[in-house]
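My entries follow in the order I took them.

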Amino acid sequence: MEWVVVAVVVLILLWLILTYNGLVTARNRTQEAWSEIDVELKRRHDLIPNLVQTVQGYIGHERGTLEAVTNARAAAVSAGATGDPAKIGAAENMLSQSLRSLFAVSENYPDLKAITAFTNLQEQLTATEDKIEFSRRFYNGNVRDYNIKLQTLPTSLIAGVLGFKPFGFFQADEGDRAVPQVNFGNVPSAGSAGPPASGSSGPPAPGSSGPPPQS
């Protein structure tokens, strides 16, 4: 009879070890996926000051639009310091919306077409947005798998005791993900149109560091 008890104990220990190792692996994958988002968000934040500096010489009187981008970037950087995916997602959405307004206003200034720095920055921001979206989907997929492990029996009975907690999803508005493309083909040629009326600010906007803490 003793061998039965020993066998049961060994099986339980093996299950605990395998479960713990599986949770550690899933958690590390999720944290690694977050680090990829964090890298791209920092790159995005670094590009924006150069964009504002390049654009302001041409649309300097669009002070409100430029300030909105600058303030949204500051808020995104601040949110990134919290490591909270929910706060970061909301702040980054606002930054995307302010960039959308900036690029929409830029369409009224054909002289910007000749500025290589502007078009290069726009292309880099668009590429960065695409990488952020890819990384976001990868991260959320890992969060989903990890959280399912925590919430299903029998793992849920010991996950909390072992110190494992769920991660939050990194949400983003699909409609606000991409930096709008400036279509210079619809812009009058230089000299055929002056700047927009004073006060114009384009269409109204529609609506890290390190791995995020487990919430």
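Entry 1, helix 2 against helix 3.
I began with the crossing, and helix 2 passes helix 3 in a left-handed sense. I note here that the model is a predicted one. Helix 2 covers residues 63-82 and helix 3 covers residues 85-106; their axes come within 8 Å and cross at roughly 160°. An angle over 145 degrees counts as roughly antiparallel, so helix 2 is roughly antiparallel to helix 3.

I then listed the contact residues. Helix 2 contributes Thr65, Leu66, Ala68, Val69, Ala72, Arg73, Ala75, Ala76, Ala79, Gly80 and Thr82. Helix 3 answers with Lys87, Ile88, Ala91, Glu92, Met94, Leu95, Ser98, Leu99, Ser101, Leu102 and Val105. Sorted by class, this contact holds 14 nonpolar, five polar and three charged residues.

Entry 2, the loop between them.
I looked up Asp84, which is in the loop between helix 2 and helix 3. Is Asp84 buried, partly exposed or exposed? Its relative accessibility is 27%, so I put Asp84 down as partly exposed. I also checked Asp84 against Phe167: the two are 83 residues apart in sequence, and their C-alpha atoms are 9.5 Å apart in space.

Helix 3 passes helix 4 in a left-handed crossing. From helix 3, the contact uses Pro85, Ser96, Leu99, Phe103 and Ser106. From helix 4, I noted Phe118, Gln122, Leu125, Glu129 and Tyr139. The classes in the contact of helix 3 with helix 4 are six nonpolar, three polar and one charged.

Which residues touch the most other members of the largest nonpolar core? I found Leu51 and Tyr139, in a core of 39 residues. Helix 1 (2-56), helix 2, helix 3 and helix 4 (116-151) are the elements that give two or more residues to this core. Helix 1 gives the most, with 12 residues.

Leaving out residues up to four places away in sequence, Leu51 touches Leu99, Leu102, Phe103, Phe118, Leu121 and Leu125.

Notes
Residues are numbered from 1 along each chain as its sequence is written. This is a predicted model: local features need pLDDT of at least 70, side-chain atom pairs count only at pLDDT 80 or more; totals for chains, interfaces and linings use all residues. Side-chain values use heavy atoms; hydrogens and water are left out. Axes are lines fitted to C-alpha atoms, for helices over the stretch in contact, and angles run from 0 to 180 degrees between N-to-C directions. Helices (H or I, at least four residues) and strands (E, at least two) are DSSP runs, numbered from the N terminus. Angles under 35 degrees count as roughly parallel, over 145 as roughly antiparallel, 65 to 115 as roughly perpendicular and the rest as oblique. A crossing is left-handed if the near helix is turned anticlockwise from the far one by less than a right angle, and right-handed if clockwise. Contact means heavy atoms within 4.5 Å. Ala, Val, Leu, Ile, Met, Phe, Trp, Tyr, Cys and Pro count as nonpolar, Asp, Glu, Lys and Arg as charged, and the others, Gly among them, as polar. A nonpolar core is a set of buried Ala, Val, Leu, Ile, Met, Phe, Trp, Tyr and Cys residues joined through side-chain atoms within 4.5 Å. Buried means under 20% relative accessible area, exposed over 50%, partly exposed in between (1.4 Å probe, protein chains only).
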